Amino acid sequence: ISGEEVSSAGPLEAPKIIAEKFYTALDNSPAIIFIDEIDMIAKNRMANEWRNALTELLRQMDGLREMHNVIVVGATNRPWDLDPAILRAGRFDKIIYVPPPNKEGREKVLEVLSKGLIISKEVIEKVAEMTEYYTPADLKLVIEEVKRNLLKEASVTGTVRLEVKLEDFIEVLKRVKPSLDSQTLALYSKFGFERK
């Protein structure tokens, strides 16, 4: 289930979509229901027009308690926006925090994303140092922008260059900023600490 897709249907149609997805999972069990951007439909109920969507989600999850053949997994970048009822035991029994990658993790992400390009290990290491607070999605955008710049260059020069230099990354990093910062990471830490 895409939280964005459900929310784009509007607060009146959202409960129907949620119910349909759960019925489909039950009819095809064993099944996993993955709710991406769950915060879009499970926001805090206080003064929230999405109350009916959340109520339907809770009702469906409670209906699964006796069923052991459907698992519900939710993902969010904003756990502090979730209604406390969704986090009660029996609904989501485990909360797993996936932190942004460290320098070594960013190197591996950059290596995977840059397949087809020629980038020296030294450049990858330097870019990994420069991209603290960048998520894998941010790094993907960086690589895509580097590729776009190479295509623009090729349209002018008539030659396709596959070797990427540090300067190519520096130019892109001036425009593509990380989606995280120290304050946001502190919010994640606080949320994780309070849940233990």
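Guide: The model is predicted, with local features needing pLDDT of at least 70 and side-chain atom pairs pLDDT 80 or more, while totals for chains, interfaces and linings use all residues. Residues are numbered from 1 along each chain as its sequence is written, and side-chain values use heavy atoms, without hydrogens and water.

Helix α4 covers residues 103–113; helices here are DSSP runs (H or I, at least four residues), numbered from the N terminus. Its buried residues (under 20% relative accessible area, 1.4 Å probe, protein chains only) are Gly 105, Arg 106, Glu 107, Val 109 and Leu 110. They pack against α5 (121–130) and α6 (136–157), with contact meaning heavy atoms within 4.5 Å.

Two packed helices are described by the angle between their axes and the distance between the axes. Axes are lines fitted to C-alpha atoms over the stretch in contact, and angles run from 0 to 180 degrees between N-to-C directions. For α4 and α5 the axes come within 8 Å and cross at roughly 125°. The two helices are therefore oblique to each other, given that angles under 35 degrees count as roughly parallel, over 145 as roughly antiparallel, 65 to 115 as roughly perpendicular and the rest as oblique. The crossing of α4 and α5 is right-handed, that is, the near helix is turned clockwise from the far one by less than a right angle. On the α4 side, Lys 103, Arg 106, Glu 107, Leu 110 and Glu 111 make the contact; α5 supplies Lys 121, Ile 124, Glu 125, Val 127, Ala 128 and Glu 129. These residues divide into 4 nonpolar, no polar and 7 charged, where Ala, Val, Leu, Ile, Met, Phe, Trp, Tyr, Cys and Pro count as nonpolar, Asp, Glu, Lys and Arg as charged, and the others, Gly among them, as polar.

Helix α5 also meets α7 (residues 166–173), their axes coming within 10 Å and crossing at roughly 20°. α5 and α7 are therefore roughly parallel, and their crossing is right-handed. Val 123, Lys 126, Val 127 and Met 130 of α5 touch Leu 166, Phe 169, Ile 170 and Leu 173 of α7. That contact divides into 7 nonpolar, no polar and 1 charged.

Notes:
Buried < 20%, exposed > 50% of the residue type's maximum accessible area, 1.4 Å probe, protein only.
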